[in-house]
Amino acid sequence: MAEPSVSSTGAMRTVFADAPLRSGEFEQFRMAQADSRALALGVLAGAAGISLVIVFFRKIGAGSGRVLHLSRSAGSLGLQTSQAEVLDQLGALIHCVSELREEVKALKDALPQLQDNVRDQLRGRRGDDISAHKASPLHRTPSSRKRAGVSGRSERQSSGEAESEGGYITALTDSEEDESEDDQKPLQEPVDELTALLRKADRLHTSNGAEKAQGLNALLERKAEFDQKCQYLWRLSRAYADAHDFALDLAEKKSCAENGKTVGEKVISINPLCAEGHQWYAIHCGLLSEYESIQNKIKNAYLFKDHLDKAIELNPEDPLSYYLLGRWCYAVSQCTWIERKIASTLFGEPPSATIQDALHNFLKAEEISPQYSKFNYVFLAKCYKDLGQRSQAQQMCDAASAMSIETNEDEEAQKELEALVASL
């Protein structure tokens, strides 16, 4: 076998010497291919990550948009509510200012008449001017605002402020509170001349001694002015009865009784429903019976009873009428047979009454007004004595003795009481 030549051997060495180089290149190629794959994967991962980030931010953006939209909606709703409240308050303020302007205008208009209105009120005149004054803003006292302010203060105002009727806020000062308290006090009405005269007549009638007799002259001085006034006339009739008691002359007594009866008759003609007119007319009929004939005495007795019954019907709470009717019943019960016969002859039927009737009326007077008079107790004792009830009669005598003597009538009652006690 032939041995290879040097040239072929060298060529083979050259070929095999190059073989390792190709193998390194292959490794390099394979590494390059792996790096490319890694790079591609990295690019893909990066793209996916970027996509996720983009999607995430889009979702966040959409959510934040919704949150922003909701916050904007809530803000606009709150703003609308606040605007509505402000508008309401502004409307109320404008309304209050307009009312305040009207009150100020009315106050300015009323100021020129203030002096005349005050003068008219002090004089006690009652007219359209006074009514207009009461309706004017000048007559509005701070008390109304004070009352309205108290309610507003309890809700939303401080202790130093209050809301008035018009809605505007006013400060309540101490001077306004003092003025409101003064305005709440009723004004004292001026007394007219007739009222003053009637009060004076009543005071003189209830007085003792000679002062009581002055009532007639005080009334007669004003007779021309008040001759048609019922309240004046029945007091004049009463004053004639008082003058009758103080008169010393028999003719003067009879004159007082006659004049008093005439005045009483006039009272009844003016006002048939005047209880006092009937009462004092009956009293003067009784007084005249002391100075008249037997025929007129019986006639006056009938008139006395009829008008006393009418007075009691009109005023059933006057003890004087029951006391007088008791006196009439007791007197009639004591009439003799001859007096009854004369009465039946003149008038067809004589007046009739019993001790029980008299007792009933005296007890009624005592019921209405306890300790009404000394004479009432004396006649109660007489009734009980005539009925055979001596113990009750003694009690009435004791009650009469306990009462003091103040008038002429009391002196007469004391004399009859002493005689009655002696008979018991």
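## A buried serine

At 14% relative accessibility, Ser-207 counts as buried (under 20% relative accessible area, worked out with a 1.4 Å probe on protein chains only). You'll find Ser-207 in the loop that links helix H6 (193–206) to helix H7 (214–220); helices here are DSSP runs of H or I with at least four residues, numbered from the N terminus.

A polar atom of the Ser-207 side chain sits 2.6 Å from the backbone oxygen of Leu-204. Ser-207 and Thr-407 are 200 residues apart in sequence, yet their C-alpha atoms are 9.3 Å apart in space.

## About the model

This is a predicted model, with local features needing pLDDT of at least 70 and side-chain atom pairs pLDDT 80 or more, while totals for chains, interfaces and linings use all residues. Residues are numbered from 1 along each chain, and side-chain values use heavy atoms, leaving out hydrogens and water.

## The whole chain

The chain has 18 helices and two strands (strands being DSSP runs of E, at least two residues). Of its 424 residues, 30% count as buried. Take the contacts (heavy atoms within 4.5 Å) with a separation of 6 or more: 59% of them join residues 24 or more positions apart.

## Two packed helices

Helix H11 (residues 275–288) packs against helix H12 (residues 294–314) at about 160°, with axes 8 Å apart. Axes are lines fitted to C-alpha atoms over the stretch in contact, and angles run from 0 to 180 degrees between N-to-C directions. H11 and H12 are therefore roughly antiparallel, the word for angles over 145 degrees.

Notes:
Parallel < 35°, antiparallel > 145°, perpendicular 65-115°, else oblique. Buried < 20%, exposed > 50% of the residue type's maximum accessible area, 1.4 Å probe, protein only. Polar contact = N/O pair within 3.5 Å; in protein donor to acceptor, adjacent residues only side chain to side chain.
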